[in-house]
Amino acid sequence: MEPVTLLLAALLAGDTLLQMVSNALNLRHARPELPGEFTGWFEPGRYRSAQDYLRATTRFEQRQLAITTLITITFLVAGGFGIVDTWARSWGFGLIGTGLVFTGVLMLASILVDLPFQVIDTFVIEQRFGFNRTTPRTFAADQLKSLALTVLLGAPLFAAILWFFTAAGPWGWAIAWGAVTLFQLAMMALAPSLLLPLFNTFTPLPEGELKAAIEAYARREQVPLSGIFSIDGSRRSSKTNAYVTGLGRLKRIALFDTLIAKHNVPELVAVLAHEVGHAKLGHLRRMLATSIITTGVMFLLLSLCLHRHELYDGIGVAWPPGEPAPLYAGMITFSILMAPLNRLLSIAAHHRSRRHEFEADAYAARTTGDAESMINALKKLGVENLSNLTPHPFTVWLEYSHPPLLERIRALRTPPPA
């Protein structure tokens, strides 16, 4: 067995082990006693359901991690990548066509492996705890739409990347970086009006107390709101949420209909002010800039590795003498080799995201003058979504993009420095 193959298997196993250790610590850290801050908010038995939900989802994730990693490592060690590559080359499509067939087969295999876990998660676990509202028809439609978008948008982009790396010489990585950046910006701009409506219905807020309160807040804070919508999240889940999507004037603020149904007007204004805070404080711009820079660094590193034979030997893909390197296969190996760096980058991104959440909470409390409504909104989110109120610090550090609810509430209750 090639040394690089062993290294790839070790990296896959190591990253999975890290996640499983985190999950085990998180489960052990759960406390059966309801935190005092939430006294009176959980109905009898509801907090016990939150503990049961944590155990069910964590144990399910542990099994999923173990099974999918075992399948991937077995596929790698048994020469599965080489078999798929040989079959893809037999069609005689050339480098780009072969690359599309190769990655298409791997993507389809990944979907088929992941599909049973999605079905169990949606129709067994989420159903058991009263969250699921997805019908089999909606589930199937979502899968097909996602697959269609991946093929229609992802395949041309991947083909372009392969072409740039083969045709543009030493600067192919920079041109590919520019193309990916433009694609990313276009998707962010078009998603609110073209892509997201394929999955959810966006309905402008109707006239009434909520819209009037939001417009009053916007006028008072001189916040231009290009679009505030209710979306039919209840079609798939009873969980509540809100988010900002889009770029510039195309930006939309989306409030789940489940959120609107379960919160009063001051709480909803506080939630909206939190989302506005992300935009006003420059969080979205900073995250986008970091993503673009990180992508450029990754493309540069990729360009330095793509012509090393070890990259292809590691996954059992042949690079015959005199033929161009099968770059599509090298990208697979490179993505696995970069797992430690990607994990470090994700930890850094999560740390910054948690800081942004604190800042957006403070912005909402300051601009509405009503920290208590933001606190109440967070408490309701925790109760309705059966949130884990006592996550392990290691799990928070490794995986959480949002701070634990108790930390957010504590920060809102702490007066800002003079």
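**Aromatic pairs and local contacts in a predicted model**

The count of aromatic pairs comes to 17, where rings of Phe, Tyr and Trp (its six-membered ring) pair if their centres lie within 6.5 Å. This is a predicted model, in which local features need pLDDT of at least 70 and side-chain atom pairs count only at pLDDT 80 or more, while totals for chains, interfaces and linings use all residues. Residues are numbered from 1 along each chain as its sequence is written, and side-chain values use heavy atoms, with hydrogens and water left out.

**Aromatic pairs**

- A pair of aromatic rings is described by the distance of the centres and the angle of the planes. Planes under 30 degrees apart count as stacked, those over 60 as edge-to-face and the rest as tilted.
- The ring centres of Tyr53 and Phe129 are 5.1 Å apart and the planes stand at 70 degrees, so this pair is edge-to-face.
- Tyr53 belongs to helix 2 (residues 46-77), whereas Phe129 sits in the loop between helix 4 (94-128) and helix 5 (136-167); the pair therefore ties together parts that are 76 residues apart in sequence. Helices (H or I, at least four residues) and strands (E, at least two) are DSSP runs, numbered from the N terminus.
- Tyr53 is buried at 8% relative accessibility, and Phe129 is buried with a relative accessible area of 14%. Buried means under 20% relative accessible area, exposed means over 50%, and partly exposed lies in between (1.4 Å probe, protein chains only).
- Phe75 and Phe81 form an edge-to-face aromatic pair, with 4.9 Å centre to centre and 75 degrees between the planes.
- Phe38, Phe42 and Tyr47 are linked into a cluster by ring pairs.

**Charges over rings**

- A charge sits over a ring if NZ of Lys or CZ of Arg is within 6 Å of the ring centre and within 35 degrees of the ring normal.
- Lys145 lies over the face of Phe199, 5.8 Å from the ring centre.
- Lys239 lies over the face of Phe131, at 4.8 Å from the ring centre.

**Surroundings of Thr258**

- Thr258 is located in helix 8 (residues 257-262) and counts as buried at 4% relative accessibility.
- A polar atom of the Thr258 side chain lies 2.8 Å from the backbone oxygen of Lys239. A polar contact is a pair of N or O atoms within 3.5 Å; within protein, one must be able to donate a hydrogen and the other to accept it, and residues adjacent in sequence count only if both atoms are side-chain atoms.
- Not counting residues up to four places away in sequence, Thr258 touches Arg133, Ser234, Ser237, Ser238, Lys239 and Thr240. Contact means heavy atoms within 4.5 Å.

**Surroundings of Thr368**

- Thr368 is part of helix 13 (residues 339-368).
- A polar atom of the Thr368 side chain lies 2.6 Å from the backbone oxygen of Ala364, and a polar atom of this side chain lies 3.2 Å from the backbone nitrogen of Asp370.
- Thr368 touches Tyr217, Arg220, Val269, Ala270 and Ala273, not counting residues up to four places away in sequence.
- Thr368 and Val269 are 99 residues apart along the chain, and their C-alpha atoms are separated by 7.9 Å.

**Two loop residues**

- Pro206 lies in the loop between strand 1 (202-204) and helix 7 (209-221) and is exposed, with a relative accessible area of 59%.
- Between Pro206 and Ser230, the separation is 24 residues in sequence and 9.3 Å in space, C-alpha to C-alpha.
- Leu386 is found in the loop between helix 14 (371-384) and helix 15 (393-399) and is buried, with a relative accessible area of 4%.
- Although Leu386 is not a glycine, this residue has a positive phi of about 50 degrees.

**Overall fold**

- The secondary structure of the protein comprises 16 helices and four strands.
- Of the 418 residues, 43% count as buried.
- Among contacts between residues at least 6 apart in sequence, 76% join residues at least 24 apart.
- The C-alpha atoms fill a box of roughly 70 × 50 × 45 Å, taken along the principal axes.
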